[in-house]
Amino acid sequence: MSTPMEQPSLPLPAVSVGVSAADWREAIRSAGEALESAGTTGPGYADRMVAMVDDHGPYIVIAPGVALAHARPDDDVRRTGWAVVTLAEPVVFGHPHHDPVSVVVGFAATEPDAHVTGVARIANLFNDESLAAALARASSPDAVRALLP
């Protein structure tokens, strides 16, 4: 049974596997590129996600190996959606317990309520501690999508 607040689907262009990133900024920008490729956001959203970490620290590292990059709704968000990027090599975000990160989830929402709900729903996926490792091992975008709702 679907609900009006169900997680938006994960389109194939929103998934990148084995991405090389020199640091957390590049990792977040890769998630931003995936969101933009899927038509979810426009240029500039990735920079806003990076700015959130610059301003507030690595709070986006929500579970061991997982960062949930996001920024507030604004004009550069075309529709609510998400992206998943797996990294070729884990990167350090500066989180005291959950570094290094191998999976970066990007999220964008058009409305504040959808933003809060979407962040919570994605974060809850990672209550299953095996999910991050399975995503990090996935060898293709289809394999990533098969692991997620």
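This is a predicted model: local features need pLDDT of at least 70, side-chain atom pairs count only at pLDDT 80 or more; totals for chains, interfaces and linings use all residues.
The buried residues of helix α1 pack against β1 (15–19), α2 (45–56), β3 (66–70), β4 and β5.

**Helix α1**

Which residues of α1 are buried? They are W24, A27, I28, S30, A31, G32, A34 and L35. The helix covers residues 24–37, which makes 14 residues.

Now look at the two ends. After the helix comes G39, and its phi is positive, near 80°.

Next, find P100, in the loop between β4 (81–91) and β5 (101–108). What kind of peptide bond joins D99 and P100? The bond is cis, with omega at about -10°.

Strand β5 also holds S102. Is S102 buried or exposed? Its relative accessibility is 17%, and buried means under 20%, so S102 counts as buried. Leaving out residues up to four places away in sequence, S102 touches G65, V85, T86, L87, P90 and A136. Of the elements named above, β4 spans 81–91, so you can look there for V85, T86, L87 and P90 among the partners of S102.

**The whole protein**

Stepping back, the protein has five helices and five strands. Read from the N terminus on, the elements run β-α-α-β-β-β-β-α-α-α. Among contacts between residues at least 6 apart in sequence, 70% join residues at least 24 apart.

Here are some overall values for the protein:

| Property | Value |
|---|---|
| Span of the C-alpha trace along its principal axes | about 35 × 35 × 25 Å |
| Share of the 149 residues that count as buried | 46% |
| Accessible surface | about 7200 Å² |
| Part of that surface belonging to carbon and sulfur atoms | 51% |

How does the radius of gyration fit with a compact globule? With 149 residues, such a globule would have a radius near 15 Å; the protein has 14 Å, so the two agree.

Notes: Residues are numbered from 1 along each chain as its sequence is written. Side-chain values use heavy atoms; hydrogens and water are left out. Helices (H or I, at least four residues) and strands (E, at least two) are DSSP runs, numbered from the N terminus. Buried means under 20% relative accessible area, exposed over 50%, partly exposed in between (1.4 Å probe, protein chains only). Contact means heavy atoms within 4.5 Å. The expected span of a helix is 1.5 Å times one less than its number of residues. The radius of gyration is taken over C-alpha atoms; the globule rule is 2.2 Å times the number of residues to the power 0.38. Accessible areas come from the Shrake-Rupley method with a 1.4 Å probe; for residues, only the protein chains shown count as cover.
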